[in-house]
Amino acid sequence: MIKALLISLSLAILAGCSSSQTNYSATSTGIREQGNASFYADKYHGRLTASGEKFDQQAMTAAHKQLPFNSKVKVTNTANNRSVVVRVNDRGPFIRGRIIDLTKHAFEQLAEPSSGVINVTVKVLEVDRQGRVRLSIKE
């Protein structure tokens, strides 16, 4: 009895020490973030991403620190309201204030590459079992 109580108490203490970062799951839809977006340098073209696939500067993919691989997100440039849908296949960015790294092709749909860094909102899209993308109805 005392052993079970000590284990329960230890688990409760450990749970209280856990990180407060957002816990994303495959069913996290409608979640929004706002921050800066940038694009990958050309030197990364052809290298392996964290998901194990080759990085393609012409693909519509992105790096995000926490979202599960293959999550689809809508990225909107807050200055001009242009949007793209990209698939997460890498980890990053690792520069303070940046929330997503895009391929150059995806970035060009939002702004001129000479902008370098733009302010965006990122909205997690819903992906059904057949892989079709639908915007979440929940706003």
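Is Ser38 buried or exposed? The close-up views below, all taken from a predicted model, start with this residue.

**View 1. Ser38 in its strand.** Let's begin with the answer: Ser38 is buried, because its relative accessible area is 3% and anything under 20% counts as buried. To find Ser38, look in strand S1, which covers residues 32–39.

**View 2. The surroundings of Ser38.** Here you can follow the side chain of Ser38 to the side chain of Asp101, with which it makes a polar contact at 2.4 Å. Once its neighbours within four places in sequence are set aside, Ser38 is in contact with Arg98, Ile100, Asp101, Leu102, Phe107, Gly116 and Val117.

**View 3. Strand S1 and its partners.** Strand S1 pairs with strand S6 (residues 118–124) in the antiparallel sense, over six bridges. With S5, strand S1 pairs in the parallel sense, over four bridges. Asn36 is a handy residue to look for in this view: its bridge partner in S6 is Asn119, and in S5 Asn36 stands opposite Arg98. As you trace a strand, keep in mind that in a regular strand the side chains alternate between the two faces of the sheet.

**View 4. The largest pocket.** This pocket has a volume of about 230 Å³. Its lining is made up of 17 residues, and those nearest the centre are Tyr40, Tyr44, Asp90, Arg91 and Asp101. Two elements, S1 and strand S5 (98–102), each give two or more residues to this lining. Sorted by class, the lining of the largest pocket holds nine nonpolar, three polar and five charged residues.

Terms used. Residues numbered from 1 in each chain as written. Predicted model: local features only at pLDDT ≥ 70, side-chain atom pairs only at ≥ 80, totals over all residues. Heavy atoms only, no water. Buried < 20%, exposed > 50% of the residue type's maximum accessible area, 1.4 Å probe, protein only. Polar contact = N/O pair within 3.5 Å; in protein donor to acceptor, adjacent residues only side chain to side chain. Contact = heavy atoms within 4.5 Å. 1 Å grid on protein atoms, 1.4 Å probe; cavity = no way out; pocket = protein on both sides within 12 Å on 5 of 7 lines; lining within 4 Å. Points joined across faces, edges and corners; volume = space filled by probe spheres on them. Nonpolar A, V, L, I, M, F, W, Y, C, P; charged D, E, K, R; others polar. Pairing = 2+ DSSP bridges.
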